Every structure is written in structure tokens, then in C-alpha cells.
Amino acid sequence: MVLEFDPAFIQAPEHRPKPAVAEAGSIPLIDLSPLHLLEQHGGPLVEGLEVLVAQVEAACREWGFFQVINHGVPPTVVERAWAASRGFFALPPEERRRVRRDEVNPLGYYEAENTKNVRDWKEVFDFVVHERAVIPSPGDAGGGVDRLIELRNQWPQLPHGFREALVEYAQATEELAFTLLELISLTLSLPPKRLHGFFKDQTSFIRLNHYPPCPSPHLALGVGRHKDSGALTILAQDDVGGLDVRRRSDGEWVRVKPIPNSFIINVGDIVQVWSNDKYESAEHRVSVNSERERFSIPFFFNPAHYVMVKPLAELVDEKNPANYEEFNWGEFFKTRKNSNFKKLDVENIQIYHFKKAK
């Protein structure tokens with residue numbers, strides 16, 4: 001894909017990437033192999049798992065980001081997904097546009113997405129993990145959740161095996177998502193499956209990202225600064241690198257170093273609200289370069305459209321009151337999707353709009 005650089009891509013001066021960004025060597029790297037040992041041998045909560053839960057708790061609290069290895073997703077499954085993604089974005093533009101998304105169906109191919117009302121230097125392909133996922137109609141500007149639509153994936157005819165490779169990848173990463181959800185529940189001193197019910201009719205989706213070489217990487221971003229709105233994100237990135245995370249300690253942007261056979265995990269807005277601000281959804285962005293194209297595959301783990309998001313009852317009391325008013329996930333998701341699709345005159349919706357006054 002060849003994008004023509006125009007002013008729509010230009011970030012405000014304060015948000016443009018610096019020429020050099022430090023590598024985030026200190027982002028926690030967590031080995032999930034104790035989970036697989038436990039699965040093999042059974043038994044009660046072993047010492048290795050207690051250590052693992054403590055590592056996840058510290059990573060969520062201090063960074064909101066961490067990387068996992070020995071995660072259980074077969075490398076061959078990941079490789080087939082990479083091949084499918086590269087094959088799709090190598091197709092002629094007219095072939096990709098056969099499955100272009102629109103305001104009625106927000107799934108498929110798109111090359112003009114905005115983040116915080118600035119166009120991203122990327123092209124994407126989105127599909128839901130479970131077909132017939134239901135959300136409020138993106139074209140419905142009214143309140144309430146009465147007008148619903150079923151999301152249908154738009155699978156291209158080419159490249160061959162595209163759908164099969166990505167369905168296989170979705171199944172494997174969804175299993176990992178539920179495992180991570182259980183670990184996060186344990187870090188909050190809750191039963192492992194406490195959060196599972198919210199995902200009965202989940203609206204999770206997977207995105208294939210392609211970031212072409214950019215002629216002006218000092219002015220544009222692959223994805224502008226943002227926080228993920230869902231519960232968790234599981235990201236596979238190639239060896240090019242470009243994911244930057246804002247470090248909480250000093251507000252500086254740091255680059256997440258690609259590690260082979262790993263996934264990058266970040267907690268989203270929903271976990272921030274559920275945890276009543278014990279954990280925070282971390283701000284991040286994607287920088288681009290002028291020489292190499294970059295690919296990534298995020299899995300956005302999202303609950304059912306009808307879920308009302310609020311701090312979990314077990315985590316609030318008189319001394320620790322709820323920090324947020326409850327909100328409907330489907331409406332929140334719809335509003336964020338609309339702002340990604342077209343440039344708005346106002347800031348898109350954020351969880352701080354639901355923050356209770358102190």
C-alpha cells in the first residue's frame with residue numbers, strides 16, 4: 001500500500017515522536033510455564049502459581065503492560081496468522097477494498113482510521129472472534145441499547161487459507177485471554193472465574209495492522225496516543241518494533257522491545273474500572289519508520305454489549321467507595337468505534353467521563 005502523506009496525518013507538535021525513544025527493558029517479562037505445570041499435575045495452588053500471581057499483580061499495578069512467554073499458543077498457529085496477514089496486505093488495493101468496512105458494518109478492511117481525531121498511518125483488517133457478536137448500531141446516534149446489529153465478518157476470497165488461519169489463531173488466543181483473566185481475578189483476591197460471566201456473549205475482535213514505511217515518521221504516528229477501551233489486549237508484534245508505552249514514573253515514552261514467541265499484554269479501561277483504579281489502563285502509541293513496514297495483531301478482549309461496567313462489589317466499601325458511575329459497554333464501544341471511523345468535533349468518550357466527583 002502506498003499512502004500519500006497529507007496534513008490529516010500530522011500530529012500536534014507536543015505529540016510528535018522524538019528522534020530517539022528509550023527501549024523499555026524494564027517492562028515485566030512473565031513466564032507462564034507454572035500454569036502448564038499445574039494443568040499437568042493438578043493439585044492446589046502451588047508456590048509457583050503464587051509467585052506468578054504476584055508478578056502479574058505488580059505488572060498491572062506499576063505498568064499496566066507486561067510481556068508473556070511460554071503462553072501455550074503454538075508457534076505454528078502464530079506463524080500461519082502472520083502469513084495470512086502479510087498475504088492480505090500484499091494484495092492489490094482493489095482486492096482489499098472488496099471487504100472494506102463502512103458505518104453499517106465496522107468489520108473488514110479500512111485505511112483511514114483516526115485516533116483522537118488525527119489520521120493514523122496504517123491500514124487494518126478487523127474480525128470478531130465469535131460470529132454474530134451483537135452491538136448497538138454504530139449509525140444510531142440515540143441513547144439506549146434497543147437498536148442492535150449482528151456483526152458479520154467479511155472474509156476475503158484471497159489469500160487462500162486466510163479465514164482458516166485466523167479462526168485457528170482466534171481460538172488459541174481466546175484461551176490465553178481467559179487464562180489471563182483468571183490470573184487478574186486472583187490478583188484482586190477474587191475467585192479465578194469471577195469475571196468469566198461478563199464474556200458470555202463477548203464482543204471481542206482481532207485486528208491485523210499494517211504500517212507501511214512512512215516518508216515523514218517525525219510528523220505522523222501509526223496509532224496516536226490512546227488507552228484501550230476493553231478488558232485486556234493480547235498483542236503479537238513482529239521484529240520491527242514501534243510500540244511505545246508512556247512510563248508512569250516520569251511520563252516519558254519508552255519502546256517495547258520485540259521478544260520472539262512472546263505476547264504483549266495490557267489492561268484496558270474496563271479492568272481499570274473493575275479494579276476501582278487499583279490498575280490503570282496505560283497510554284500507548286505506535287511510531288513508524290521510513291524504511292521497514294511493520295505488522296502486528298492485537299486481540300481485544302471485550303465483554304457482552306449488555307454488560308454494565310462498574311467497580312466490582314467485592315472491592316468497594318465505606319472506606320473505599322466506587323470511583324465510577326456504571327456505564328453500558330455496548331454504548332461505550334459504539335461511540336469509540338464511531339470516533340475511529342470519522343473525525344469528530346469533540347473528544348471521543350473516555351472512562352474519566354464516568355468518574356465520580358470526590
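Student: Which side chain does a polar contact of 3.3 Å join to that of His 226?

Tutor: The side chain of Asp 228. A polar contact is an N or O pair within 3.5 Å; within protein, one atom must be able to donate a hydrogen and the other to accept it, and sequence-adjacent residues count only if both atoms are side-chain atoms. The backbone oxygen of Gly 224 also lies 2.8 Å from a polar side-chain atom of His 226.

Student: What kind of model is this?

Tutor: This is a predicted model: local features need pLDDT of at least 70, side-chain atom pairs count only at pLDDT 80 or more, and totals for chains, interfaces and linings use all residues. Residues are numbered from 1 along each chain as its sequence is written, and side-chain values use heavy atoms, leaving out hydrogens and water.

Student: Is His 226 buried or exposed?

Tutor: Check the relative accessible area: under 20% is buried, over 50% exposed, and in between partly exposed (1.4 Å probe, protein chains only). His 226 has 18% relative accessibility, so it counts as buried. His 226 sits in strand 11, residues 223-226. Contact means heavy atoms within 4.5 Å. Leaving out residues up to four places away in sequence, His 226 touches Thr 115, Lys 116, Ala 282, Glu 283 and His 284.

Student: How many helices and strands does the protein have?

Tutor: Seven helices and 19 strands. They are DSSP runs, numbered from the N terminus: helices are H or I with at least four residues, strands are E with at least two. Of the 358 residues in the protein, 55% are buried. Residues 24 or more positions apart account for 78% of them.

Student: How do I read the length of a helix?

Tutor: Take 1.5 Å times one less than the number of residues as the expected span. Helix 3 covers residues 75-89; its 15 residues should span 21 Å, and the end C-alpha atoms are 21 Å apart, which agrees.

Student: Which residues of helix 3 are buried?

Tutor: Val 77, Val 78, Ala 81, Trp 82, Ala 84, Ser 85, Phe 88 and Phe 89. Down the axis of helix 3, these buried residues fall within an arc of 160°, so they line one face. The face turned away from that buried side carries the exposed residues Pro 75 and Glu 79. The general idea is this: an α-helix has 3.6 residues a turn, so residues three or four places apart point the same way.

Student: What does a nonpolar core look like here?

Tutor: In soluble globular proteins, nonpolar side chains tend to be buried together. A core here is a set of buried Ala, Val, Leu, Ile, Met, Phe, Trp, Tyr and Cys residues joined through side-chain atoms within 4.5 Å. The largest has 81 residues, and Phe 125, Phe 263 and Trp 274 touch the most other members. Helix 5 (residues 162-187) gives the most to this core, with 13 residues. Another core lies apart from it, of ten residues, including Ile 27, Trp 63, Leu 243 and Val 256.

Student: Where is Ile 264?

Tutor: In strand 15, residues 263-267. Ile 264 has a relative accessible area of 2%, so it is buried. Ile 264 and Leu 29 are 235 residues apart in sequence, yet 9.1 Å apart in space, C-alpha to C-alpha. Neighbours within four places aside, the contacts of Ile 264 include Phe 65, Thr 233, Leu 243 and Val 256.

Student: How do I read a pair of rings?

Tutor: A pair of aromatic rings is described by the distance of the centres and the angle of the planes. Rings of Phe, Tyr and Trp (its six-membered ring) pair with centres within 6.5 Å; planes under 30 degrees apart are stacked, over 60 edge-to-face, the rest tilted. That rule gives 24 aromatic pairs. Phe 327 and Phe 354 have ring centres 4.6 Å apart and planes at 25°, so the pair is stacked. It links distant parts of the chain: Phe 327 is in strand 19 (residues 327-328), and Phe 354, 27 residues apart, is in the segment after helix 7 (329-341). Ring pairs also link a cluster, with Phe 88, Phe 89 and Phe 125 among its members.

Conventions:
The arc is that of the directions from the helix axis to the C-beta atoms.
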